[in-house]
Amino acid sequence: MADLKEEINKRRTFAIISHPDAGKTTLTEKFLLYGGAINLAGSVKGKKTAKHAVSDWMEIEKQRGISVTSSVLQFEYDGYCINILDTPGHQDFSEDTYRTLMAADSAVMVIDASKGVEAQTKKLFKVCLLRNIPIFTFINKMDRDANDPFELMDEIESVLGITTCPMNWPIGSGKEFRGVYDRRAKHVTTFTAFANGQKEVASENLAVDSPELLGMVGDELFQTLQDDIELLDGASAEFDIEKVSHGKQTPVFFGSALTNFGIEIFLNYFLEMTSHPLPRKSDAGEISPFDKDFSAFVFKIQANMNKAHRDRIAFMRICSGKFEAGMDVYHVQGKKKLKLSQPQQLMAQERKILDEAYAGDIIGVFDPGIFSIGDTISVPGKNFAYEGIPTFAPEHFAKVRQVDTMKRKQFIKGVSQIAQEGAIQIFQEYNTGMEEIIVGVVGVLQFDVLKFRLENEYGVEIRMDAMPHEYIRWVTSPDTDVARINGTSDMKRIKDLKGNPLLLFIHEWAVNTVLDKNKGLELSEFGRW
């Protein structure tokens with residue numbers, strides 16, 4: 001039992017969130033670099049490096065230079081076992097990010113120093129607030145011209161409604177960026193950029209009032225730093241770990257992921273301030289991570305991570321106890337006992353078969369098609385289910401069919417598997433088959449990914465016709481005969497792959513009109529995995 005507690009206490013599982021292009025994937029790479037998991041960091045879009053980021057493994061990600069799917073990365077650092085969940089920044093893939101945040105115990109929020117709090121950052125921050133998880137802020141790209149640090153603090157507080165506590169402070173920005181002042185250690189760490197940020201950098205610690213620092217940064221930056229320190233000590237909020245742990249205060253760090261300025265300092269403080277894996281809510285009450293019985297939930301499914309093998313991986317967050325390869329487990333939703341096949345630890349698309357894993361870890365298991373997002377896995381005899389993961393209402397719809405009717409089998413398999421991953425939602429009109437389907441997505445870029453993946457992974461060319469409908473509602477009132485609903489002219493009756501009835505509308509007013517016309521009818525904006 002002592003070993004179990006010790007192993008779980010070592011775990012830190014967090015997600016990295018940001019607006020597109022704030023440098024999130026680059027920061028992830030640098031964590032791996034300092035953790036020794038890689039020895040040469042790749043830039044997602046950088047022209048100076050020939051590598052792609054480790055966490056961007058899909059072909060479309062390498063071509064476009066964006067992250068479109070969450071990836072899982074595990075490495076050891078300074079006695080900790082770290083699980084990083086790198087999420088898509090692009091708003092069109094916010095569903096994947098939402099599900100990933102359900103598997104994290106804390107979040108690192110990356111903000112571009114020249115742009116401040118952007119639209120997608122606000123959305124993702126709200127998702128974090130739903131679970132009150134700790135949020136740590138890394139203000140990135142200080143190696144470029146940046147906004148005033150005090151203005152950035154004010155913006156975070158006013159726009160996101162969370163108090164800030166700067167843990168370090170930048171000296172200059174852009175070409176004048178010289179390093180960061182550590183407020184707790186009361187010294188300045190200077191950096192020397194090397195190899196375009198592909199390797200760790202040499203750093204030097206100097207006293208804040210030392211002649212060496214004055215000689216390095218010059219009179220103006222030296223005096224600005226002294227004034228800033230006086231203002232910070234007098235006016236900024238005191239660090240409160242209790243508020244941080246409940247998502248009420250965010251520790252703020254400055255640096256540059258591209259050049260490695262401030263990365264190691266941030267990582268060390270972050271690991272010290274975050275906690276071991278947190279308890280999880282279930283229909284049997286709260287489940288402690290230190291409970292000796294293994295349990296987990298599925299938060300992501302990814303097909304074709306290895307195109308040659310046409311495989312499908314279910315990502316599970318272990319919530320309690322210890323997992324051992326070969327052990328019997330119980331699939332709660334499937335109501336059957338099974339063994340998890342080929343349990344793997346992941347480094348993006350690279351994998352290592354594992355013998356054991358603990359609460360807080362993310363494992364991937366081979367899925368023959370039995371798992372769904374939100375499923376609970378436990379030990380036999382423990383029949384409880386973790387809270388389900390809400391599914392977003394799609395906002396864009398298109399009719400989709402295969403061009404070559406001889407490839408119907410591949411078409412159905414492809415769209416079904418991609419839908420089970422949660423990247424798209426599939427619907428059918430009542431009384432029709434799968435010859436033509438309706439695809440719903442949260443963001444239009446998901447249509448491009450669907451088209452690309454069907455052609456690239458399944459060899460199927462498709463034709464898509466955009467639909468004018470923008471509003472979808474799940475029919476939740478029991479015993480409702482969908483065929484008899486008194487609808488509007490723009491209303492379309494559809495069903496999802498599980499046979500659940502839904503209604504599609506072009507105009508929002510039509511939703512209220514249909515509710516008024518049909519007493520007792522109940523409609524919901526959310527489904528549930």
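Student: Where is the place of K141 in the chain?

Tutor: In this predicted model, K141 sits in the loop between β5 (135-140) and α6 (149-160).

Student: Why does K141 count as buried?

Tutor: Buried means under 20% relative accessible area. K141 has 13% relative accessibility, so K141 counts as buried.

Student: And what is the phi of K141?

Tutor: About 65 degrees, a positive value, although K141 is not a glycine. Most residues other than glycine have a negative phi. D479 also has a positive phi without being a glycine, near 60 degrees.

Student: Where is D479, then?

Tutor: Look in the loop between β29 (471-475) and β30 (492-496).

Student: Is D479 buried or exposed, and how do you know?

Tutor: The cut-off for exposed is over 50%. D479 has a relative accessible area of 82%, so D479 is exposed.

Student: What makes D516 exposed?

Tutor: It's the cut-off of over 50% again. The relative accessible area of D516 is 54%, therefore D516 is exposed. You'll find D516 in helix α13 (residues 508-517).

Student: Why is F239 called partly exposed?

Tutor: Under 20% would be buried and over 50% exposed, with partly exposed in between. F239 has a relative accessible area of 34%, so F239 is partly exposed. F239 lies in the loop between α8 (219-235) and α9 (241-245).

Student: Which residues is F239 in contact with, leaving aside its neighbours within four places in sequence?

Tutor: Those are C165, M167, V244, Q249, P251 and M273. Take M167: F239 and M167 are 72 residues apart in sequence, yet 8.4 Å apart in space, C-alpha to C-alpha.

Student: What makes α11 oblique to α12?

Tutor: Helix α11 (residues 408-420) and helix α12 (residues 445-458) have axes that come within 10 Å and cross at roughly 125 degrees. Roughly perpendicular runs from 65 to 115 degrees and roughly antiparallel is over 145, so α11 ends up oblique to α12. The crossing is right-handed.

Student: Which residues make the contact of α11 with α12?

Tutor: Q410, K413, G414, V415, Q417 and I418 belong to α11, while L450, R453, L454 and Y458 belong to α12. They divide into 5 nonpolar, 3 polar and 2 charged.

Student: And the chain as a whole: how many helices and strands are there?

Tutor: The chain has 13 helices and 33 strands. Of its 529 residues, 56% are buried. Its accessible surface comes to about 22,500 Å², with 48% belonging to carbon and sulfur atoms.

Definitions and conventions
Residues numbered from 1 in each chain as written. Predicted model: local features only at pLDDT ≥ 70, side-chain atom pairs only at ≥ 80, totals over all residues. Heavy atoms only, no water. Axes fitted to C-alpha atoms, helices over the stretch in contact; angles between N-to-C directions. Helix = DSSP H or I, 4+ residues; strand = E, 2+ residues; numbered from the N terminus. Parallel < 35°, antiparallel > 145°, perpendicular 65-115°, else oblique. Left-handed = near helix turned anticlockwise from the far one by under 90°. Contact = heavy atoms within 4.5 Å. Nonpolar A, V, L, I, M, F, W, Y, C, P; charged D, E, K, R; others polar. Buried < 20%, exposed > 50% of the residue type's maximum accessible area, 1.4 Å probe, protein only. Areas by Shrake-Rupley, 256 points an atom, 1.4 Å probe, with all protein chains shown as cover.
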